[in-house]
Amino acid sequence: MTIAVKNKNPFVVSPAALRQAGFKSGQELEVRVSGGAITILPKPSFSAEEYTPAQRRAIDRGIVASEKDYKEGRSYGPFETHEAFVASLDKESAKLRGKKTKRAVK
């Protein structure tokens, strides 16, 4: 397909070409220009760096809780080796296994 570029009119891609490329009506497209070539790609629904407001709030709550734990001394490491890390995990899990919770009797 060949089209003519005119100075005063916007560049228009025919509906047939868009259909052949697999684009759907209402879909957002990303236009990239490089070295005299124009590439039209479907815009990703989200990128790895974007979060919904609810996701961002959950992440921020986790960061605040983590910083609080760190300030209160509830942190481990850094470890010199992976063996030291595993030994620390074993030690902490042994503490948890030693604690038994009371369960209601039915």
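This is a predicted model: local features need pLDDT of at least 70, side-chain atom pairs count only at pLDDT 80 or more; totals for chains, interfaces and linings use all residues.
Analyst: A residue is buried when its relative accessible area is under 20%, exposed when over 50%, and partly exposed in between, with a 1.4 Å probe and protein chains only. Residues are numbered from 1 along each chain as its sequence is written, and side-chain values use heavy atoms, with hydrogens and water left out.

User: Is Y76 buried or exposed, and what value decides this?

Analyst: Y76 has a relative accessible area of 53%. The limit for exposed is over 50%, so Y76 is exposed. Y76 lies in the loop between helix 2 (53–71) and helix 3 (82–98); helices (H or I, at least four residues) and strands (E, at least two) are DSSP runs, numbered from the N terminus.

User: What makes the nonpolar surface patch, and what is its area?

Analyst: Y76, F79, F85, V86 and L89 make a patch of about 470 Å². Patches take residues with over 30% relative accessible area and no salt bridge, joining nonpolar side chains (Val, Leu, Ile, Met, Phe, Trp, Tyr) within 5 Å and like charges within 9 Å. Areas come from the Shrake-Rupley method with a 1.4 Å probe, and for residues only the protein chains shown count as cover. F79, at 32%, counts as partly exposed, as does F85 at 39%.

User: Why is the aromatic pair of F79 and F85 called edge-to-face?

Analyst: Rings of Phe, Tyr and Trp (its six-membered ring) pair if their centres lie within 6.5 Å; planes under 30 degrees apart are stacked, over 60 edge-to-face, and the rest tilted. The whole structure holds 1 aromatic pair. In that pair, the centres of F79 and F85 are 5.4 Å apart and the planes make 65 degrees. The distance therefore meets the pairing limit and the angle meets the edge-to-face limit.

User: Why do D60 and R56 count as a salt bridge?

Analyst: A salt bridge is a side-chain nitrogen of Lys or Arg within 4 Å of a carboxyl oxygen of Asp or Glu. The N to O distance for D60 and R56 is 3.5 Å, so the pair qualifies. The two are 4 residues apart in helix 2, which means a separation of about one helical turn. D60, at 35% relative accessibility, is partly exposed, and so is R56 at 34%.

User: Which residue forms a salt bridge with R74, and which residues are joined into one network?

Analyst: R74 pairs with D69, the closest N and O atoms being 2.6 Å apart. Salt bridges that share partners join D69, E72 and R74 into one network. The count for the structure comes to 6 salt bridges.
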